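Work through the exercises below with the structure open. Each task is followed by a worked solution.

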Amino acid sequence: MAHTAASPHTMNTYGRLPIALERGDGVYVWDTEGKRYLDALAGIAVNTLGHNHPKLVPALQEQVSKIIHSCNYYHVPNQEKLAAKLVELSGMTNVFFGSTGLEANEAAIKLARKFGHDKGIERPEIVVYEKAFHGRSIATLSATGNDKVQKGFGPLVEGFIRVPLNDIDALKAATQDNPNVVAVFFETIQGEGGINPMRIDYLQKVRELCDMKDWLLMIDEVQCGMGRTGKWFAHQWAGIVPDVMPLAKGLGSGVPIAAVVAGPRAANVFQPGNHGTTFGGNPLAMRAGVETIRIMEEDGLVDNASRVGAHLKGALAREIGGLQGVVEIRGQGLMLGVELSRNCNVLTQRAADAGLLISVTADNVIRLLPPLIMTEAQADEVVAILAPLVKNLLAE
């Protein structure tokens, strides 16, 4: 193993592959040994525009030469520009900017609690979901539905009620006669949980319930948002608008960025002094967000995600869909999961050996999150590499 693919002075918090990536171009990356990989992970749904994008790079270079950071004591013009664009795309009201998905979700939790306190609720409670993943801070890991993420970090934060996915009766039963409920919080398509989508009829019923009860509908679009599913935000397939929407990952094409978009019910909950951040909304991140959306619009990448995603899903179904051991191929656009009947963690390394970057989540789901610039030919290339690996694994 080359020295570049080892990190002895870095905390051992990741089960890393023995690979160090050096550069990228489009949907391809190269490691420090010169080996090329097709990137079907995009830094976990982050590199929206792939790598070394000819329209993004000059804009970021220009921004770095002007100003990288200014704190929020002052106005940041591109904050307003990006906020206005997110408001336009979402049909919502205003935006708070942070740096990571965890921060966006933490802000949403705080916002929901203050929304409750403003109504005179002393101990607000938020409904969350089985298999959810909202982050690794103490509050967001408490909202997360994964024992592995929580183990060793108790006591957890109280104030969360957990329910199963896509079961409106379970949601009603869990909240019955409880005056402390203030919000329902979930991912439209669970990412870490195994690419588990909320059904359209369920989304619509939860929206109705929240309106009836004056709860906040808080939809975590950190992984499934920003065009990935073939709509700007995955909940838009259901024709609904949330009250609170955390965003991050793909919004800046690799520059750390996050946002909490609020609708009318939540837009004025935070007042000066209620929430803040040092890095959130800095000029470099804001420029990345503004340019990412501009390029996505210019190049029709939301439609591309839909078209190429459907092509990729179809090709996967054709090649491996009928195999015994392939449970389901699911997801939308360029956010796809292939559930197998057995643990397939070994595929992350095997795929890399074969020149393909993927991830395995929930131990038995192959997760594909390629850049939104991917072509149908490149999607075919993904399947050509992945299908034999799945067949071999299932035959073992």
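**Strand pairing and cores**

In this predicted model, five bridges connect strand β4 (residues 94-98) with β12, and the two run antiparallel.

**Exercise 1.** Decide whether the faces of β12 are covered or open.

*Solution.* 
Step 1. Count buried residues, using under 20% relative accessible area as the cut-off. In β12 (residues 258-262), five of five residues are buried.
Step 2. A258, V260 and A262 lie on one side. A259 and V261 lie on the other.
Step 3. Conclude. Both faces of β12 are covered.

**Exercise 2.** Describe the largest nonpolar core and trace the contacts of L86.

*Solution.* 
Step 1. Size the core. It has 67 residues. Those with the most contacts inside it are L86, L316, L347, I366 and L368.
Step 2. Find the top contributor. Helix α12 (residues 376-395) gives the most to this core, with 10 residues.
Step 3. Trace L86. Leaving out residues up to four places away in sequence, L86 touches V95, F97, M226, F233, L247, L251, A259, V261 and I293.
Step 4. Look for another core. A second, separate one has 28 residues, including A108, I121, F185 and V222.

Note on methods. Residues are numbered from 1 along each chain as its sequence is written. This is a predicted model: local features need pLDDT of at least 70, side-chain atom pairs count only at pLDDT 80 or more; totals for chains, interfaces and linings use all residues. Side-chain values use heavy atoms; hydrogens and water are left out. A nonpolar core is a set of buried Ala, Val, Leu, Ile, Met, Phe, Trp, Tyr and Cys residues joined through side-chain atoms within 4.5 Å. Buried means under 20% relative accessible area, exposed over 50%, partly exposed in between (1.4 Å probe, protein chains only). Helices (H or I, at least four residues) and strands (E, at least two) are DSSP runs, numbered from the N terminus. Contact means heavy atoms within 4.5 Å. Two strands pair if DSSP finds at least two bridges between them.
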